[in-house]
Amino acid sequence: MIFITVKWQIKPEYADRWPELSREFTAATRAEPGNKWFDWSRSLDNPNEYVLVEAFEDDAAGAHVNADHFKKAQADFPQYLQKTPDIINTTLDQDSWSELGEMKVD
């Protein structure tokens, strides 16, 4: 699977509205064939930072970056950002989350 984590630095005046501003893009991406998850979290230390954790089946990433909603986000999102987002993009030899054995819950 392709596993991606992106840090988004949102301009302070838009940070509280980011879930609303990104809602259409999020919904469209989650509906894509091959999308495993697409989840936003807000930093506890920096209220202007959101972290996006996403995963796709190996052959689905190309369709994602060529989708109309992706192209629309490319055009619309920069106005809300303080800087270009930081990304980690890798391929993993698994197809879902693993259990954290060090925090086993019985």
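Author: A contact means heavy atoms within 4.5 Å. Among contacts in the chain between residues at least 6 apart in sequence, 74% join residues at least 24 apart. This is a predicted model, in which local features need pLDDT of at least 70, side-chain atom pairs count only at pLDDT 80 or more, and totals for chains, interfaces and linings use all residues. Residues are numbered from 1 along each chain as its sequence is written, and side-chain values use heavy atoms, with hydrogens and water left out.

Reader: In what order do the elements of the chain run?

Author: Helices (H or I, at least four residues) and strands (E, at least two) are DSSP runs, numbered from the N terminus. Here the order from the N terminus is β-α-α-α-β-β-α-α-β, giving five helices and four strands.

Reader: Which residues have the most contacts inside the largest nonpolar core?

Author: A nonpolar core is a set of buried Ala, Val, Leu, Ile, Met, Phe, Trp, Tyr and Cys residues joined through side-chain atoms within 4.5 Å; buried means under 20% relative accessible area (1.4 Å probe, protein chains only). The largest such core has 20 residues, and W8, I10, W18, F25 and F77 have the most contacts inside it. Strand β1 gives the most to this core, with four residues. Apart from this core lies another of six residues, including F3 and V51.

Reader: With which residues is W8 in contact?

Author: Leaving aside neighbours within four places in sequence, the contacts of W8 include W18, W40, Y50 and F77.

Methods
Buried means under 20% relative accessible area, exposed over 50%, partly exposed in between (1.4 Å probe, protein chains only).
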